[in-house]
Amino acid sequence: MLKIEHLTKRFGGLLAVNDVSTTIETGKINAIIGPNGAGKTTFFNLIAGVHKPTSGTITLQGDDVTSLRPDQVAQLGVARTFQTTSLFDMATVLDNLIVGHRLRTRSGLLDVLRGSSLLREEERICREKARDALNFVGGSHLENRMAGDISQEERKRVAFALALATNPRLLLLDEPAGGVNPDETQGLAELIRKIVKSGITVCLIEHKMNMIMSLADKIMVLSYGEKIAEGTPAEIRANPVVIDAYLGSDHADA
Ligand SMILES: Nc1ncnc2c1ncn2[C@@H]1O[C@H](COP(=O)(O)OP(=O)(O)OP(=O)(O)O)[C@@H](O)[C@H]1O
């Protein structure tokens, strides 16, 4: 799905991502783990076009996408969720999904506002997509709720719906189970499995090790911007370098 070659991002003197090469495999749950500050979110930002790499290449199913803008990457079928789910709290969940869809697939806010007054048909299609996505994530009952009134777990589901409404082929999830309880974590893991079954490739960053170990097909471990290991959950669990750098530390929560 995605081929990353020698990807490097430097912020001044800091190498946030340092010469990382890997592949995000089609139809799989690909996970990225590593201590705080390891470069995981920067890695996502590079894929999503938020940051331009200092060097290296990113290829999406054969196309070089290294220097594209976020809206161009989104149009090619890469969607993402964030550590913190930003929603317009005073708007309904459905309105958030409709506006969110436009923000993700247009280049600027002005473009979004212009589009919403002119293209009624597009708005109808957008509304349908939003409803389908909300239904898929088990959130139909939230449609008319104010976003500010829903729980953290419901916000996570709405974030998934926001990303799914753009019909992605690759979904990047940044801490999809952050801030939710163990039962809810289980529910979100099931939702991630359902997403992959529907034909979407997933790449996720997560600190909850139990969840990652039971969910991921493949794990890449970052530490100080470098890839220190890659493999199946069993291989990662047994890797002494990973245990030293990460799993043995107090970052490895349940
Ligand atoms: N825009 C930026 N400008 C300067 N430094 C940055 C920027 N974004 C990230 N960094 C730095 O790059 C390093 C990697 O940060 P990043 O957020 O990618 O790590 P992470 O693995 O996602 O951490 P966490 O698990 O805490 O989210 C950190 O030292 C961070 O301070």
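This is a predicted model: local features need pLDDT of at least 70, side-chain atom pairs count only at pLDDT 80 or more; totals for chains, interfaces and linings use all residues.
The protein chain has 254 residues, and buried residues make up 42% of them. Its secondary structure comes to 10 helices and 10 strands.

**Asp 19 and its surroundings**

- Asp 19 is found in strand β2, and its phi is near 55°, a positive value in a residue other than glycine.
- To put that in context, most residues other than glycine have a negative phi.
- His 6 is another residue to look at here: its phi is positive, at about 50°, although His 6 is not a glycine.
- His 6 sits in strand β1, and it counts as exposed because 12 other C-beta atoms are found within 10 Å.
- Thr 8 also has its place in strand β1, which covers residues 2-11.
- Thr 8 has 16 C-beta neighbours inside 10 Å, so it counts as partly exposed.
- Which residues does Thr 8 contact, leaving aside its neighbours within four places in sequence? Asp 19 is one of them, and the others are Leu 15, Val 17, Asn 18, Pro 53, Thr 54, Ser 55 and Gly 56.
- Ser 55 is 47 residues away from Thr 8 along the chain, yet their C-alpha atoms are separated by 5.2 Å.
- Across the protein chain, among contacts with a separation of 6 or more, 68% join residues 24 or more positions apart.

**The sheet**

- Six strands form an open sheet in the order β6-β7-β8-β3-β9-β10, and their pairing is mixed.
- At the edges stand β6 (78-81) and β10 (226-231); each has a single partner strand, so one side of each is left without a neighbour in the sheet.
- From one strand to the next, the twist averages 20°.
- How many bridges link β9 and β10? Strand β9 (residues 218-223) pairs with β10 over 5 bridges, in the antiparallel sense.
- You can find Val 221 standing opposite Ala 229 in β10.
- Helix α1 packs on the sheet, where it touches β3 (29-33), β6, β7 (170-174), β8 (201-205) and β9. The direction of α1 makes about 150° with that of β7.
- Helix α6 packs on the sheet too, touching β6 and β7, and its direction makes about 165° with that of β6.

- Is helix α1 (residues 40-47) largely enclosed or largely open? It is largely enclosed by the rest of the structure, because 7 of its 8 residues are buried.
- The buried residues in α1 are Lys 40, Thr 42, Phe 43, Phe 44, Asn 45, Leu 46 and Ile 47.
- Just after α1 comes Gly 49, with a positive phi of about 85°.
- Around the ligand you will find Phe 11, Leu 14, Ala 16, Gly 34, Asn 36, Gly 37, Ala 38, Gly 39, Lys 40, Thr 41 and Thr 42.

**The nonpolar core**

- In soluble globular proteins, nonpolar side chains tend to be buried together.
- The largest nonpolar core here has 72 residues, and the members that touch the most others are Leu 97 and Ala 161.
- Helix α6 (residues 152-164) gives the largest share of this core, 7 residues.
- Where does this core lie relative to the domains? Domain 1 and domain 2 both give residues to the core, so it lies between them.
- Beyond its neighbours within four places in sequence, Leu 97 is in contact with Ala 130, Ala 133, Leu 134, Ala 161, Leu 162 and Ala 165.

**Two domains**

- The protein chain is divided into domain 1, made of 1-77 + 168-254, and domain 2, made of 86-166.
- Between the two, 12 residues of domain 1 are in contact with 12 residues of domain 2.
- On the side of domain 1 that touches domain 2, the elements giving two or more residues are α2 (70-75) and α7 (182-197).

How values were computed: Residues are numbered from 1 along each chain as its sequence is written. Helices (H or I, at least four residues) and strands (E, at least two) are DSSP runs, numbered from the N terminus. A residue is buried if 20 or more other C-beta atoms lie within 10 Å of its own, exposed if 12 or fewer, and partly exposed in between; C-beta atoms are placed from the backbone. Two residues are in contact if their C-beta atoms, placed from the backbone, lie within 7 Å. A nonpolar core is a set of buried Ala, Val, Leu, Ile, Met, Phe, Trp, Tyr and Cys residues joined through C-beta atoms within 7 Å. Domain bounds come from an automatic or database domain assignment. Two strands pair if DSSP finds at least two bridges between them. Axes are lines fitted to C-alpha atoms, for helices over the stretch in contact, and angles run from 0 to 180 degrees between N-to-C directions. A residue is near a molecule or strand if its C-beta atom, placed from the backbone, lies within 6 Å of it.
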